[in-house]
Amino acid sequence: MWARAEHTVDRAVRRVEQVVDGCPPGPERTALEAYLPRVDLVARAARANALRAQAEAPSDGFTVPAGPEGRHPEVHRRLTRTATACAQVAEAAAMVRVGGGSLDAVERAVVRAEELAGLR
């Protein structure tokens, strides 16, 4: 359960990297590259959160265990929302790449991912 949730975040972060790698050299790519360390930190935080959750409330199936004080369903929700925010970063970056988006949208999605991962 926890490994699957963490993998979803990691996959979304890798997609951000792919979008940036596909961007031609120029100011947009330079601006997008500045976000890569931040989304990498999000992936690391999500992994740490998933490892901590697995240690506190082990799961090897599809059910989210309640864990101590019943808080682990919320931990799982935050992990899945973090993955969604990272996917939104990739989407916003892709729009910048094709000239139809703004860096403000990328920034908002990165900030949201950071918040959900517990970095803000």
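Ala53 has a relative accessibility of 2% and therefore counts as buried (buried means under 20% relative accessible area, exposed over 50% and partly exposed in between, with a 1.4 Å probe and protein chains only). Ala53 belongs to helix α3, where helices are DSSP runs of H or I with at least four residues, numbered from the N terminus. The model is predicted: local features need pLDDT of at least 70 and side-chain atom pairs count only at pLDDT 80 or more, while totals for chains, interfaces and linings use all residues. Residues are numbered from 1 along each chain as its sequence is written, and side-chain values use heavy atoms, with hydrogens and water left out.

- Ala53 is in contact with Trp2, Pro58, His72 and Val75, leaving aside neighbours within four places in sequence; contact means heavy atoms within 4.5 Å.
- Thr80 is 27 residues from Ala53 along the chain, and their C-alpha atoms are separated by 14 Å.
- Glu6 is part of helix α1, and its 15% relative accessibility means that Glu6 is also classed as buried.
- Not counting residues up to four places away in sequence, Glu6 touches Ala46, Arg47 and Ala50.

**α1 against α3**

- Helix α1 (residues 2–21) packs with α3 at an angle of about 175°, and their axes are 9 Å apart; axes are lines fitted to C-alpha atoms, for helices over the stretch in contact, and angles run from 0 to 180 degrees between N-to-C directions.
- That angle makes α1 roughly antiparallel to α3 (under 35 degrees counts as roughly parallel, over 145 as roughly antiparallel, 65 to 115 as roughly perpendicular and the rest as oblique).
- On the α1 side the contact includes Trp2, Glu6, Val9 and Asp10, and on the α3 side it includes Ala46, Arg47, Ala50 and Ala53.
- The residues of this contact divide into 11 nonpolar, 1 polar and 6 charged, with Ala, Val, Leu, Ile, Met, Phe, Trp, Tyr, Cys and Pro counted as nonpolar, Asp, Glu, Lys and Arg as charged, and the others, Gly among them, as polar.

**α3 against α4**

- The axes of α3 and α4 come within 11 Å and cross at roughly 160°, so α3 and α4 are roughly antiparallel to each other.
- Their crossing is left-handed, meaning that the near helix is turned anticlockwise from the far one by less than a right angle; clockwise would be right-handed.
- From α3 the contact draws on Val39, Val42, Ala46, Asn49, Ala50, Ala53 and Glu56, and from α4 on His72, Val75, Leu79, Thr82, Cys86 and Val89.
- By class, the contact of α3 with α4 has 9 nonpolar, 3 polar and 1 charged residues.

**α5 and its packing**

- Helix α5 (residues 103–116) has 14 residues and spans 20 Å from its first C-alpha to its last, close to the 20 Å expected at 1.5 Å a residue; the expected span is 1.5 Å times one less than the number of residues.
- Val106, Ala109, Val110, Val111, Ala113, Glu114 and Leu116 are buried in α5, and the buried residues of α5 pack against α2 (27–33), α3 (36–56) and α4 (72–97).
- α3 and α5 pack at about 25° with their axes 9 Å apart, and are therefore roughly parallel to each other.
- The crossing of α3 and α5 is left-handed; Arg38, Val39 and Val42 of α3 meet Glu107, Val110, Val111, Ala113 and Glu114 of α5.
- That contact of α3 with α5 has 5 nonpolar, no polar and 3 charged residues.

Definitions and conventions: Helix = DSSP H or I, 4+ residues; strand = E, 2+ residues; numbered from the N terminus.
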